Structures are given as C-alpha cells and as structure tokens.
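Have the sequence and the 3D view ready as you read.

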Amino acid sequence: MSQHPETLSWHGTLDGHVRMIEQTLLPTEHRVIEVSTVEDMIGAIRRLAVRGAPAIGVAAAYGVVLGIQHLHEAHRDEVLAAAENACDQLATSRPTAVNLFWALERMRTKAKSLHGEGATGADLCQALLEEAQGIHLSDRDTCRRIGEHGAALLKKDQAILTHCNAGALATGGMGTALAPVYVATEQGKNIRVYADETRPLLQGARITAWELSEAGIDVTVITDGMAARVMGEGRIDCVIVGSDRITRGGDVCNKIGTYGVAIAARHHGLPFYVAAPLSTVDPKLLDGKDIPIEERNPEEIISGLGRRITPEGSKIYNPAFDVTPRELVTAIITEVGVIENPSQKKMEAALKGAGICF
Ligand code: MRU
C-alpha cells in the first residue's frame with residue numbers, strides 16, 4: 001500500500017514553519033503551502049486548508065510555536081504571555097472539534113509548568129516545539145491503534161459506508177474512520193468503501209475518494225441522499241465515521257449528515273461505528289445538545305458547480321455538524337479499545353482508565 005499523504009508537518013528547527021496540503025484544492029490540485037504566522041494558521045483552519053478534528057489539534061499546537069518562535073532570547077514571562085495569547089487567538093478559529101481545545105490546553109499547561117519551574121525563555125520555546133511535535137507523533141500511533149481495534153470488527157470482502165473525511169488527511173496519521181479500512185486491507189481483507197459526497201464542501205467526494213484511490217482501495221462515491229437507498233440494496237455491511245466531539249454520555253458530533261446516516265443504518269440493522277481518539281471526548285460535556293455547532297458561510301451552499309445554485313433571496317441555513325444520540329451508536333472505536341453501546345458509565349470508565357479527569 002502506498003504511504004499516506006502527509007497532511008501537515010513542521011519543517012526546520014525552532015525558526016521553522018508548517019507545511020500543509022491545501023485541502024481546499026483537492027482532488028484536482030495537490031499543492032503544499034507554507035504557514036509561518038499565527039494569523040495564517042487561523043486562516044488555514046477556518047477555510048479548511050487543514051481540517052478534521054485531530055489534524056486541527058496538531059495544526060493549532062504548531063500555531064502556538066509560530067507565535068513564540070521569535071522569542072527565544074526573551075524572558076520566560078514574555079514567552080508565556082505570547083504562548084497564552086497565541087492559544088487565545090487559535091481557540092477562535094473553529095468551535096466544534098474539541099481536539100483543537102485539547103491541544104491548546106496541552107500547550108498552555110506545558111508553558112505554565114515550565115515557566116513555574118523557572119525555565120529560560122529559550123528552554124520554554126524549545127519545549128513548546130517539542131510538545132507540538134509530541135502531539136503530532138502520538139496522533140500517528142493513536143490512529144494506528146484505532147485501526148487495529150477497528151479492523152478486528154471487519155470481515156473479508158465487506159463494504160463500509162463513511163461520511164465526510166476521517167482519513168489520513170484529517171489526522172496526523174492514517175485517520176480514524178479510515179484507519180480500520182487501511183489496517184484490514186493490510187490484513188488482506190479486501191474492504192470496499194462507499195463515500196458519501198458530504199455536502200456542501202464535499203470532503204467525501206474530494207478528499208476521502210482521493211486518499212483511498214491513492215492507497216489503491218476500492219471506493220465508490222455516492223451523493224448524501226443515496227445512502228439509505230444503497231443500504232437498502234444490501235451493498236453496505238457497516239458504517240464507520242469519525243467525530244469532532246463526543247460527550248461523556250456517549251453522544252457523537254460529526255459532519256452534518258452523519259445523524260441521518262445513523263438513523264438509516266439503524267433502520268437497516270447495520271452497525272454504526274464511530275472511530276475517534278480519546279482526545280475527541282469532551283470530559284466536560286454530558287449531553288450532545290451542549291456541543292457548540294459551527295455555522296458556516298451561506299456562500300458554501302449558494303454557489304456550487306462553478307455557479308450560483310440557489311435563487312436570489314432564498315434563505316440559507318448552514319450548520320457544519322450534527323449530533324447523533326448515543327442510542328444509535330453501535331460502538332466507539334478508540335485507541336484503548338472498542339466501547340460497545342456507549343453509555344455515561346462506559347465512557348467515564350474509559351476516561352478514568354486513560355487518566356483523564358472529568
Ligand atoms: O469540517 P471538517 O472537514 O473539519 O469536518 C471533519 C469531520 O467532520 C470529520 O469526520 C471529523 O473531524 C473526524 S476526522 C478524523
């Protein structure tokens with residue numbers, strides 16, 4: 001199998017920069033851009049040049065480094081202030097994927113603890129680069145483990161349906177929802193994928209189909225409205241999606257349209273799996289209704305196919321995510337194992353096991 005595309009990476013030492021695939025241009029153009037300032041990183045996250053919950057977390061962590069890298073000769077107070085300022089700014093980039101806030105919290109905690117220990121400004125800067133690289137590296141390992149747990153649920157010659165893109169391009173590794181597909185493929189299971197196109201920004205058609213084709217995996221794109229029909233035709237064995245935020249009660253927020261897919265899966269008696277790292281679980285929230293849902297620019301719906309597609313004056317509503325209640329979730333596949341029929345008790349046990357406070 002070909003290597004997975006490198007979604008983003010840090011180039012150079014402390015005075016380096018981030019390189020990332022400009023995902024808005026896929027699949028027709030594969031361009032790598034350089035991001036060198038906090039403002040540019042916020043812009044890249046907002047316009048979805050880099051997207052997908054874990055990848056946004058990694059990007060934000062590197063964003064903090066971009067905000068302090070020029071301060072290696074400054075006093076630690078100045079570095080801490082700049083790091084906190086960068087965290088505050090990056091936290092405004094997108095509201096829903098909790099991995100962003102999780103990664104920023106890690107960076108903030110690192111800065112504060114070293115500052116408290118009396119580290120020099122130079123040491124603080126270097127430690128923040130290493131912390132961001134650590135977040136990136138561990139995501140690779142986390143994805144692999146999600147893939148291994150998920151692949152155990154897949155049998156030879158099965159077809160999965162996925163929504164949006166929760167593959168390599170959404171993470172620092174091989175993906176979350178697509179990781180079981182990649183690992184099962186390595187195991188010779190011959191897995192096929194149906195990719196919902198995922199209106200309005202077409203992450204399924206543009207990105208999932210691209211990365212699976214590049215990896216030599218059999219992928220079929222369908223429009224979002226076809227999912228129930230395709231399930232009814234008996235073409236699908238299970239659904240696997242990623243997530244942007246999972247509550248401590250087990251409700252799952254993911255790309256708009258996921259909730260409908262879960263309802264259709266339940267109607268057809270198909271397993272509906274969510275693959276996500278524990279960094280996607282928001283320990284503070286119990287109920288899915290409390291998850292902040294990003295509302296995006298109406299222009300994303302008004303224009304498509306290279307032209308205006310809605311009549312002048314028609315109202316537009318553009319929520320980017322929805323919440324699937326835990327009752328519709330067969331299991332959550334995490335790096336520490338599979339949580340079947342997720343409940344508050346089971347989610348809390350998983351968090352406790354991983355040393356996460358709530
Ligand atoms: O708006 P996007 O493209 O960032 O939305 C991405 C998703 O909804 C993914 O399914 C989710 O972040 C999981 S990525 C491993």
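Below are some notes on the model, the ligand site and a few backbone details.

## About the model

This is a predicted model, in which local features need pLDDT of at least 70, side-chain atom pairs count only at pLDDT 80 or more, and totals for chains, interfaces and linings use all residues. Residues are numbered from 1 along each chain as its sequence is written, and side-chain values use heavy atoms, with hydrogens and water left out.

## Where the ligand sits

The ligand is found in the largest cavity. Here a cavity is a set of points, on a 1 Å grid over the protein atoms alone, where a 1.4 Å probe fits but cannot get out; a molecule sits in one if more than half of its atoms lie within 2 Å of its grid points.

The ligand lies between domain 1 (8-144) and domain 2 (152-353), because both give residues to the shell around it. The domain bounds come from an automatic or database domain assignment.

## Who surrounds it

There are 17 residues around the ligand, and Arg51, Arg94, Asp244, Asn254 and Lys255 come nearest. To count as near, a residue needs a heavy atom within 4 Å. The shell has six nonpolar, seven polar and four charged residues; in this grouping Asp, Glu, Lys and Arg are charged, and Gly is among the polar ones. Helix α2 (53-68) and strand β9 (252-255) each supply at least two shell residues. Helices (H or I, at least four residues) and strands (E, at least two) are DSSP runs, numbered from the N terminus.

Which atoms pair up with the ligand? Polar contacts are pairs of N or O atoms within 3.5 Å. Ligand oxygen atoms lie 2.6 Å from a side-chain N or O atom of asparagine 254, 2.9 Å from one of glutamine 203, and 3.0 Å from a polar backbone atom of glycine 52. Taken alone, the ligand exposes 420 Å², and the protein buries 100% of that (Shrake-Rupley method, 1.4 Å probe).

## Backbone details

A cis peptide bond joins leucine 26 and proline 27, with omega about 5°. Proline 27 is in the loop between β2 (17-21) and β3 (32-35).

The loop between β5 (192-196) and α7 (203-214) holds proline 200, whose peptide bond from arginine 199 is cis, with omega near 0°. Threonine 198 is also found between β5 and α7, and has a positive phi near 75° although it is not glycine.

Definitions and conventions. Polar contact = N/O pair within 3.5 Å; in protein donor to acceptor, adjacent residues only side chain to side chain. 1 Å grid on protein atoms, 1.4 Å probe; cavity = no way out; pocket = protein on both sides within 12 Å on 5 of 7 lines; lining within 4 Å.
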